[in-house]
Amino acid sequence: LAEQAAREEEEAERLRLKQEQKIAAEKEKKETAEQALRTEQLQSSLHLIDTISKRYVEAGWKQRDEIEWVQYLKCDGLPNPCLCGQMSTYLQLWDETIENTTMEQATSRTSEVLKLLEELTNFVDNPLGASSRKIENWRWICGLFRERQQRSLDIASYRILRDISNKMNNIQLVKADFNIVEEQFTICLWTMVSVPKSYPNPRAPPRSTIFFQVHLTTIVSVAGPESKWRSLNSK
């Protein structure tokens, strides 16, 4: 009886191991098939991504060529944002006149600069195969343009504040403001105005004050800083 039980136990163990081997083989076969399918799908996806990337770059170059052609036909004197040499020349010419910038000039210049910065930022975000050195040059030019733009508005604002009576609007006796609203930006300036001091009229006759209780008459001249006063005893 014990031997029969042992044989049955061995047979059950053999069947269990055989079943486990069968399950493992089926699992391995399934995983191999899934891996082959994933590899095929991955290759297909890579091919699709590569095709889309090439089409995107081609469309980007086509669009950039169209923009450059339109810019060339405009002949508006603005540089090609893609060419660092032209942008540097624009900055150099700007530096020659920036110290005398008026608010009207700063307003006109701001519209140009914002347009150039928008196009140049687009080149940085979508380099379309440009070298890393060229991308760094574009970023450097962007920084220079932002610095000049800030300085231009600062100088124009300073010139207005230096000529309050002619450039700003008096909103109260001691307050003045300046406002300009453009499509891309708004400038608002506000300042306190110094009230002029009143000075005595040098042609006015001297003023006299009589103190009856002490029998004293005081005459004060208001002719200026060298005014003199004298006291006379009343009779």
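## The nonpolar cores

The largest nonpolar core here holds 21 residues, and Y90, W94, L120, W138, I141 and F145 have the most contacts inside it. Elements giving two or more residues to this core are α2 (84-97), α3 and α4, with α4 giving the most, at seven residues. For the terms: a nonpolar core is a set of buried Ala, Val, Leu, Ile, Met, Phe, Trp, Tyr and Cys residues joined through side-chain atoms within 4.5 Å. Buried means under 20% relative accessible area, exposed means over 50%, and partly exposed is in between (1.4 Å probe, protein chains only). Helices (H or I, at least four residues) are DSSP runs, numbered from the N terminus.

Apart from that core lies another one of eleven residues, including M103, M168, I187 and L189.

## What you're looking at

This is a predicted model, where local features need pLDDT of at least 70 and side-chain atom pairs count only at pLDDT 80 or more, while totals for chains, interfaces and linings use all residues. Residues are numbered from 1 along each chain as its sequence is written, and side-chain values use heavy atoms, with hydrogens and water left out.

## Helix α1

Helix α1 runs over residues 2-74, and its 73 residues should span 108 Å at 1.5 Å a residue; the end C-alpha atoms sit 105 Å apart, which agrees. That expected span is 1.5 Å times one less than the number of residues.

The buried residues of α1 are G60, R64 and Q71, and they pack against α3 (103-125) and α4 (132-161). Just after α1, C75 takes a positive phi of about 55°.

## Salt bridges

The count comes to nine salt bridges, each being a side-chain nitrogen of Lys or Arg within 4 Å of a carboxyl oxygen of Asp or Glu. One of them pairs D95 with R148, with the closest N and O atoms 2.6 Å apart. D95 is in helix α2 and R148 in helix α4, so this pair links distant parts of the chain, 53 residues apart. R148 is buried, at 18% relative accessible area, whereas D95 is partly exposed at 36%.

R151 also forms a salt bridge, with E99, at 2.4 Å between the closest N and O atoms. R151 lies in α4 and E99 in the loop between α2 and α3, so the pair ties together parts 52 residues apart in sequence.

Notes
Contact means heavy atoms within 4.5 Å.
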